[in-house]
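Have the viewer open as you read.

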Amino acid sequence: MRRLELDIEAEEMRTMLRIRHEGLDGELEGLREAFLKDISMCGVNTIPEGDALTRACLRLYLRWQENYNGEADRYKRAYMETKTAMSLAAEYREGTNEE
């Protein structure tokens, strides 16, 4: 089974959550991995290099998981809709028959 990869460092994920300290870096790395697993389970097999939609979707996922500004429900809804759109788009489903 092919593993999805996303080249986003902890610093960029901290920026997505508007935090400056490094205390959550380990948790953010784990959340990035959970995000990749979640989108792969719904059929996303490819992430185009430098893809802005994937970065936006990760930002929504992180904000949902961290209850950003107390609006977890709002971010969850937006994340689920974006994830569904990605799972239906051909550019993210490429490589379905690959190893």
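This is a predicted model: local features need pLDDT of at least 70, side-chain atom pairs count only at pLDDT 80 or more; totals for chains, interfaces and linings use all residues.

Residues are numbered from 1 along each chain as its sequence is written, and side-chain values use heavy atoms, with hydrogens and water left out. Helices here are DSSP runs (H or I, at least four residues), numbered from the N terminus.

**Helix H3**

H3 takes in residues 52–65, which is 14 residues. From its first C-alpha to its last it reaches 20 Å, close to the 20 Å expected at 1.5 Å a residue; that expected span is 1.5 Å times one less than the number of residues. Its buried residues are Thr-54, Ala-56, Cys-57, Leu-58, Leu-60, Tyr-61, Leu-62 and Arg-63. Buried means under 20% relative accessible area, exposed over 50%, and partly exposed in between (1.4 Å probe, protein chains only).

**How the helices pack**

Axes are lines fitted to C-alpha atoms, for helices over the stretch in contact, and angles run from 0 to 180 degrees between N-to-C directions.

| Pair | Axes | Angle |
|---|---|---|
| H1 and H3 | within 9 Å | roughly 65° |
| H2 and H4 | 9 Å apart | about 50° |
| H2 and H3 | 10 Å apart | about 120° |

Angles under 35 degrees count as roughly parallel, over 145 as roughly antiparallel, 65 to 115 as roughly perpendicular and the rest as oblique.

Start with H1 and H3, whose axes cross at roughly 65°. That makes H1 roughly perpendicular to H3. The crossing is right-handed, a label given when the near helix is turned clockwise from the far one by less than a right angle. On the H1 side, Glu-12, Met-13, Met-16 and Leu-17 meet Arg-55, Leu-58, Arg-59, Leu-62 and Arg-63 of H3; contact means heavy atoms within 4.5 Å. By class, this contact of H1 with H3 has 5 nonpolar, no polar and 4 charged residues. For those classes, Ala, Val, Leu, Ile, Met, Phe, Trp, Tyr, Cys and Pro count as nonpolar, Asp, Glu, Lys and Arg as charged, and the others, Gly among them, as polar.

H2 and H3 pack at about 120°, so the two are oblique to each other. Their crossing is right-handed. H2 brings Leu-28, Leu-31, Arg-32, Ala-34 and Phe-35 to the contact, while H3 brings Thr-54, Cys-57, Leu-58, Tyr-61, Leu-62 and Gln-65. Sorted by class, the contact of H2 with H3 has 8 nonpolar, 2 polar and 1 charged residues.

H2 also packs against H4, at an angle of about 50°. That makes H2 oblique to H4, and H2 passes H4 in a right-handed crossing. Phe-35, Asp-38 and Ile-39 of H2 make this contact with Tyr-79, Lys-83 and Met-86 of H4. The residues of the contact of H2 with H4 divide into 4 nonpolar, no polar and 2 charged.

**Contacts across the sequence**

Is Leu-6 buried or exposed? Leu-6 has a relative accessible area of 13%, so it is buried. It lies in the segment before H1. Not counting residues up to four places away in sequence, Leu-6 touches Arg-32, Phe-35, Leu-36, Ile-47, Thr-54, Arg-55 and Leu-58.

Arg-93, in helix H5, is partly exposed at 34% relative accessibility. Arg-93 and Gly-43 are 50 residues apart in sequence, yet 6.3 Å apart in space, C-alpha to C-alpha. Leaving aside neighbours within four places in sequence, Arg-93 is in contact with Cys-42, Gly-43, Asn-45, Ser-87 and Leu-88.

**Two positive phi values**

Most residues other than glycine have a negative phi. Arg-18, though not a glycine, has a positive phi of about 55°. Arg-18 sits in the loop between H1 and H2 and counts as exposed at 64% relative accessibility. Asn-67 is not a glycine either, and its phi is positive at about 50°. Asn-67 is in the loop between H3 and H4 and is partly exposed, with a relative accessible area of 40%.
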